[in-house]
Amino acid sequence: MSMRRTQRAPQSCSNCTKRKVKCTKVLPCTECLDRGLGSSCRREAVVVKGRVVNNDTPTAPTKDELQMENVRLRNRIRELEARGGQEHQAEIGGTSLWRRQ
Ligand SMILES: [Zn+2]
Ligand SMILES: [Zn+2]
């Protein structure tokens, strides 16, 4: 694996760099957390002035952090399920209206 040579170490995480979205520049960043990629959120290791800069690779998440993320994801799923159900009902209503016309 060859590393990129650059003048300045990137501040955005590699997921955001790949997706070309704005990174909040904290690890794990909001973008990755929103996508459930918090554990893979890290900055690209690069060579700056001949030195490898493996930008503060995050330490393994603590049990508390994992629990917090778990709760957050559960809430998110509940939220999405609630929203999806409403949309589905609206769709059915719209279809029956169509048929009557
Ligand atoms: Zn990011
Ligand atoms: Zn990220």
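The exercises below work through a zinc site, a strand residue and the salt bridges of this structure.

The model is predicted, and local features need pLDDT of at least 70, side-chain atom pairs count only at pLDDT 80 or more, while totals for chains, interfaces and linings use all residues. Residues are numbered from 1 along each chain as its sequence is written, chains are lettered from A and ligands numbered from 1 in the order in which they are written, and side-chain values use heavy atoms, with hydrogens and water left out.

**Exercise 1.** Determine which residues coordinate the zinc ion (ligand 1), and what geometry the site has.

Step 1: Look for donors, that is, N, O and S atoms within 2.8 Å of the metal (3.2 Å for Na, K and Ca), remembering that water is not among the atoms, so sites may look incomplete. The SG atoms of C13, C16, C23 and C29 coordinate this zinc ion at 2.2 to 2.4 Å, and along the chain these donors follow the spacing C-x2-C-x6-C-x5-C.

Step 2: Compare the angles with the rule that four donors count as tetrahedral if all angles lie between 85 and 135 degrees. The angles among the four donor atoms are 102 to 114°, and the site is tetrahedral.

Step 3: C13 bridges the zinc ion (ligand 1) and the zinc ion (ligand 2), and the two ions lie 2.9 Å apart.

**Exercise 2.** Describe where T6 sits and what it is in contact with.

Step 1: T6 belongs to strand β1, residues 4–6, where strands (E, at least two residues) are DSSP runs numbered from the N terminus, as are helices (H or I, at least four residues).

Step 2: Leaving aside neighbours within four places in sequence, T6 is in contact (heavy atoms within 4.5 Å) with V46, V47, V48 and K49. The C-alpha atoms of T6 and V48 are separated by 5.4 Å, although these residues are 42 residues apart along the chain.

**Exercise 3.** Count the salt bridges and locate the partners of each.

Step 1: Apply the rule that a side-chain nitrogen of Lys or Arg must lie within 4 Å of a carboxyl oxygen of Asp or Glu; the count comes to three.

Step 2: E44 pairs with R4, with closest N and O atoms 2.9 Å apart. This pair links distant parts of the chain, since E44 is in the loop between α2 (30–34) and β2 (46–48) and R4 is in strand β1, 40 residues apart.

Step 3: E31 forms a salt bridge with R35 at 2.3 Å between the closest N and O atoms, and E79 meets R83 at 3.1 Å, N to O. Because E79 and R83 are four residues apart in helix α3 (residues 63–100), they are separated by about one helical turn.

Technical notes. Four donors count as tetrahedral if all angles lie between 85 and 135 degrees; four count as square planar and six as octahedral if opposite donors are over 155 degrees apart and all others between 65 and 115; anything else is irregular.
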